[in-house]
Amino acid sequence: MSAIRLLLAPAFVAASLIVAPSAASADGVDPSTVRATQLDEPFHYATGDHLTGTREVPTTRRYGYGRPVFLVGDSMAGQLADGLRRSTAGQHRALLPRTKSGGIFRLPAADSPSGRWSARVRSQIRAEARDGRRPIVVLAGRGLGTSTQIRSTVWRLRADGATVHLVTASPLPVDVASLPSCVVASSSPTTRCHFRLTDADAGRTATLAAARQASPRVTVLDLKPVAARGSGPTYSPIHTVTDGPVQVYRGVSNHLTATWSREVLAGRLAALTR
């Protein structure tokens with residue numbers, strides 16, 4: 001029987017270790033085989049490419065060879081890193097993750113920590129364009145601003161020589177902290193553990209509007225129907241892929257697991273970076 005790949009926050013590790021084995025599972029998932037480990041975070045957290053706190057200077061690392069693909073935005077953008085790394089691997093593309101927790105990537109850049117970080121990332125994008133490498137920018141996150149501000153950012157990046165694509169922030173589940181313990185304790189988590197979405201859309205409306213209103217229009221990937229599959233009002237926190245069940249959200253946060261990003265989003269992200 002396949003184990004569901006649920007990666008829990010430390011607070012839930014002990015709980016997962018005392019779950020009694022389940023004799024059977026209605027949906028083919030045995031919660032007693034759940035692997036309780038550290039948070040399933042994007043790969044570039046460990047490498048230091050994802051900035052936190054007061055850090056303002058982006059790294060210069062790239063992963064792969066070929067046309068540069070910049071992943072730009074806050075931690076909601078950062079959760080796409082593993083999917084983009086997989087999707088770009090076979091496209092003769094180099095992934096340059098340039099994300100920052102709480103970072104507001106907005107152009108023109110303001111005189112602030114986020115503004116100075118934005119200006120430095122923009123300088124890297126411009127340098128790639130000057131060298132004739134035709135950079136692709138995948139722009140995502142909560143902190144992109146209003147549709148007008150997003151269009152302003154897109155216009156400037158295009159003027160710098162970049163091709164720009166937008167990705168909405170992932171949908172926000174209600175009571176996400178209860179999902180890990182529910183999955184571990186349930187003999188049928190894909191049918192018994194569900195979440196509702198909050199009314200907040202984390203800038204999704206503005207992102208979608210900016211994509212429509214930009215001239216020429218911007219290609220946009222909307223994560224809501226991908227992460228919250230079905231017609232609602234409740235959705236499963238587990239999706240079944242080729243290798244078995246995968247947890248959508250990691251730990252007690254509203255961020256996506258790196259595994260889900262690789263196995264569900266990679267194909268969709270590949271369409272943005274061709």
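Good morning. I begin with a pair of helices: the axes of helix α4, residues 81-89, and helix α11, residues 258-270, come within 7 Å and cross at roughly 50°. Please keep in mind that this is a predicted model. Two packed helices are described by the angle between their axes and the distance between the axes.

Sorted by class, the residues of the contact of α4 with α11 comprise six nonpolar, three polar and four charged.

I turn now to a second pair. Helix α6, residues 147-159, packs against helix α9, residues 204-213, at an angle of about 55°, and their axes are 8 Å apart. Here too the term is oblique: α6 and α9 are therefore oblique to each other. The crossing of α6 and α9 is right-handed. On the α6 side, the contact is made by S147, I150 and R151. On the α9 side, A206, T207, A209, A210 and Q213 take part. By class, the contact of α6 with α9 has four nonpolar residues, three polar residues and one charged residue.

Where is T59 found? T59 lies in the loop between β1, residues 50-51, and β2, residues 63-64. Is T59 buried or exposed? Its relative accessibility is 14%, and buried means under 20%, so T59 counts as buried.

What does T59 touch? Leaving aside residues up to four places away in sequence, T59 touches G48, D49, R98 and Q124. With D49 there is also a polar contact, from side chain to side chain, at 2.5 Å. As for Q124, T59 and Q124 are 65 residues apart in sequence, and their C-alpha atoms are 9.9 Å apart in space.

Finally, I place these details within the whole protein. How many helices and strands does the secondary structure of the protein come to? There are 11 helices and nine strands. Of the 274 residues in the protein, 55% are buried. Among the contacts in the protein with a separation of 6 or more, 77% are between residues 24 or more positions apart. Thank you for your attention.

Conventions:
Residues are numbered from 1 along each chain as its sequence is written. This is a predicted model: local features need pLDDT of at least 70, side-chain atom pairs count only at pLDDT 80 or more; totals for chains, interfaces and linings use all residues. Side-chain values use heavy atoms; hydrogens and water are left out. Axes are lines fitted to C-alpha atoms, for helices over the stretch in contact, and angles run from 0 to 180 degrees between N-to-C directions. Helices (H or I, at least four residues) and strands (E, at least two) are DSSP runs, numbered from the N terminus. Angles under 35 degrees count as roughly parallel, over 145 as roughly antiparallel, 65 to 115 as roughly perpendicular and the rest as oblique. A crossing is left-handed if the near helix is turned anticlockwise from the far one by less than a right angle, and right-handed if clockwise. Contact means heavy atoms within 4.5 Å. Ala, Val, Leu, Ile, Met, Phe, Trp, Tyr, Cys and Pro count as nonpolar, Asp, Glu, Lys and Arg as charged, and the others, Gly among them, as polar. Buried means under 20% relative accessible area, exposed over 50%, partly exposed in between (1.4 Å probe, protein chains only). A polar contact is a pair of N or O atoms within 3.5 Å; within protein, one must be able to donate a hydrogen and the other to accept it, and residues adjacent in sequence count only if both atoms are side-chain atoms.
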